[in-house]
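Let's take a walk through this structure together. Have the sequence and the 3D view open side by side, and follow along as we go.

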Amino acid sequence: MSQEKALTAFAGLMVLLSVLLTHFVHTHFIWLTVFIGANLFQQSFTGFCPATLFFKHVLGLKSERDLALTNGPSNDHL
């Protein structure tokens, strides 16, 4: 799994979790949803997300670019 795919999965999981917490625990958990949305919005412009650092350094996931460079072009069609 790449960093980009892990980030998308993590963001989706966090949004679902924050909605469940808002509904079942306390309405102030809506601010977690707002934070996630704001973080995704700024990431779309800057390309930086703190979760990606965790995925890279702790979990050892590679970016799509690194995976493409590592695997190189496919010669399966020859």
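Start with Val 15, which sits in helix H1. With a relative accessibility of 30%, Val 15 counts as partly exposed. Now look across to Ser 44, which is 29 residues away along the chain: the C-alpha atoms of Val 15 and Ser 44 are 17 Å apart. Keep in mind that what you are looking at is a predicted model.

Next, move over to helix H2, which covers residues 30-46. Setting aside residues up to four places away in sequence, Gln 42 touches Gly 47 and Phe 48. Gln 43 is also found in helix H2. At 21% relative accessibility, Gln 43 counts as partly exposed too, because the buried class is kept for values under 20%. With residues up to four places away again left out, the contacts of Gln 43 are Leu 7, Phe 48 and Cys 49.

Two of those names, Leu 7 and Cys 49, come back in the largest nonpolar core. Which elements give two or more residues to the core? They are helix H1, running over 3-24, and helix H3, running over 50-57. As a general point, nonpolar side chains in soluble globular proteins tend to be buried together.

Let's zoom in on H3. Its buried residues are Ala 51, Thr 52 and Phe 55. Looking down the axis of H3, you would find these buried residues within an arc of 100 degrees, so they line one face of the helix.

Leaving out its neighbours within four places in sequence, Phe 55 is in contact with Gln 3, Ala 6, Leu 7, Phe 10, Gly 60 and Leu 61. By contrast, Phe 10 counts as partly exposed, at 36% relative accessibility.

Now for the rings. The structure holds 3 aromatic pairs. One of them joins Phe 10 and Phe 55 edge-to-face, at 5.9 Å centre to centre and with 85 degrees between the planes. Phe 10 belongs to helix H1 and Phe 55 to helix H3, so this pair ties together parts that are 45 residues apart in sequence. Bring in Phe 54 as well, and ring pairs link Phe 10, Phe 54 and Phe 55 into a cluster.

Finish at the largest pocket, which holds about 170 Å³ of space. H1, H2 and H3 are the elements that give two or more residues to its lining. Which of the helices gives the most? H2 does, with 5 residues. Among the lining residues are Leu 32, Phe 35, Ile 36, Asn 39 and Leu 40.

Key:
Residues numbered from 1 in each chain as written. Predicted model: local features only at pLDDT ≥ 70, side-chain atom pairs only at ≥ 80, totals over all residues. Heavy atoms only, no water. Core = buried A, V, L, I, M, F, W, Y, C linked by side-chain atoms within 4.5 Å. Buried < 20%, exposed > 50% of the residue type's maximum accessible area, 1.4 Å probe, protein only. Helix = DSSP H or I, 4+ residues; strand = E, 2+ residues; numbered from the N terminus. Contact = heavy atoms within 4.5 Å. Arc of directions from axis to C-beta. Phe/Tyr/Trp six-rings, centres within 6.5 Å; stacked < 30°, edge-to-face > 60°. 1 Å grid on protein atoms, 1.4 Å probe; cavity = no way out; pocket = protein on both sides within 12 Å on 5 of 7 lines; lining within 4 Å. Points joined across faces, edges and corners; volume = space filled by probe spheres on them.
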